[in-house]
Amino acid sequence: MQGKILSPQLIISDDGKRYEYDKNDVINLGGKDLAMLTGSQVDFVSFDERVAKSIYIINENVNVSGILSADRISSARTKALWGIGILIFSFIPDIGLQFFNFIPNIWQNIGYIIGIVIFVLYSMAIYSVSKAAASKSLFKNYIIALIISFLGFSLLILAIIFGAIMDVLANSKDVGIGASMIAVLFLGGIIALIVEIYFYKINAELARLSGSSLFLWSFWINVVSVLLYLSVFGIFVGFANFIFSLVSAVSIIAWVIHFIAWWHFGKVEKR
């Protein structure tokens, strides 16, 4: 009996009858994505006129929309892995390693370029997954998180400038480390926590779409790094340098887990 693939679960025979099937019954699938093979001619047998068995693809008709969907997923995964990989690499000087001491100026100068590359790659990955999953919330939450981060960063810059001016006017001998600067840094931590709310939504959706709980694990570990940062302005104020190094170490652990989550990105379900 012959027919063609209507969907990853359905075959229509030449006489117009429809048969359900399991991809494991496609003998010569060879790891191909059935969504890409919609319209392909198949040969099969059926014993109850409802389920197709022993299916052979005899004439592939590659579906363009299926290819685009598959490409979006694979390309999203690739972009995310490159972006996160670069980010992890950029953390190396922050955790106390001395491998780059001979090029400190070069590293500092390319920091902005690295940041832009990471941002572009990861943003494209989130957008691609959002499109492939037909999600109305994933990319929206990502944009909201970016807007809050940008506004918060701008506010911090203004607060730092204002604090420095106030310290000078007050003839402070410790410009930049007085109460005003501590308040500014604490404000940065609060803004970071607000941003984390949206990143929770993002990672929860990625976990649901991909089937990997590692997205949420990486999120919670990252929250720990934010709380450690805030602790500097409380009971651990005397251990600032150690805590900041610890924050960097915990952050890199979170991003390594996030990298693994993208590496094992399994599935994307239409919402």
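Which side chains meet in a salt bridge? The side chains of Lys-53 and Asp-25 do so, at 3.5 Å from N to O; a salt bridge here is a side-chain nitrogen of Lys or Arg within 4 Å of a carboxyl oxygen of Asp or Glu. The model is predicted: local features need a pLDDT of at least 70, side-chain atom pairs count only at pLDDT 80 or more, and totals for chains, interfaces and linings use all residues. Residues are numbered from 1 along each chain as its sequence is written, and side-chain values use heavy atoms, with hydrogens and water left out.

**Overall architecture**

- The chain holds six helices and five strands; helices (H or I, at least four residues) and strands (E, at least two) are DSSP runs numbered from the N terminus.
- From the N terminus on, the order of elements is β-β-β-β-β-α-α-α-α-α-α.
- Of the 271 residues of the chain, 36% count as buried, where buried means under 20% relative accessible area, exposed means over 50%, and partly exposed lies in between (1.4 Å probe, protein chains only).
- The accessible surface of the chain comes to about 15800 Å², and 67% of this belongs to carbon and sulfur atoms; accessible areas come from the Shrake-Rupley method with a 1.4 Å probe, and for residues only the protein chains shown count as cover.
- Among contacts (heavy atoms within 4.5 Å) between residues at least 6 apart in sequence, 66% join residues at least 24 apart.

**Confidence**

- The chain averages a pLDDT of 76, and 68% of the residues score at least 70; pLDDT is the predictor's confidence in each residue, from 0 to 100.
- Confidence is highest in strand S4 (residues 41-46), at 91, and lowest in helix H1 (residues 64-90), at a mean of 69.
- Over residues 67-71 the pLDDT is below 50, and this stretch has five contacts in the model beyond near neighbours in sequence.
- Residues 94-104 also stay under 50, with nine contacts beyond four places in sequence.
- Where pLDDT is low, the predicted coordinates should not be read in detail.

**Salt bridge**

- A search of the whole structure finds one salt bridge.
- Lys-53 lies in strand S5 and Asp-25 in the loop between strand S3 (18-20) and S4, so the pair ties together parts that are 28 residues apart in sequence.
- Lys-53 is partly exposed, at 33% relative accessibility.

**Phe-44 and its surroundings**

- Phe-44 belongs to strand S4 and is buried, at 0% relative accessibility.
- Beyond its neighbours within four places in sequence, Phe-44 contacts residues including Met-1, Ile-11, Tyr-19, Lys-53 and Ile-55.
- Phe-44 and Ile-57 are 13 residues apart in sequence, and their C-alpha atoms are 8.9 Å apart in space.

**Backbone with positive phi**

- Ser-54, in strand S5 (residues 52-59), has a phi near 45°, a positive value in a residue other than glycine.
- Ser-54 is partly exposed, with a relative accessible area of 38%.
- Ala-134 has a positive phi of about 55° although it is not a glycine; this residue lies in the loop between H2 and helix H3 (138-169).
- Ala-134 is partly exposed, with a relative accessible area of 39%.

**Nonpolar surface patch**

- Ile-116, Phe-119, Val-120 and Met-124 form a nonpolar patch on the surface, with about 360 Å² of accessible area together.
- Patches are made of residues with over 30% relative accessible area and no salt bridge; like charges are joined within 9 Å, and nonpolar side chains (Val, Leu, Ile, Met, Phe, Trp, Tyr) within 5 Å.
- Met-124 is placed in helix H2 (residues 104-132) and is partly exposed, at 37% relative accessibility.
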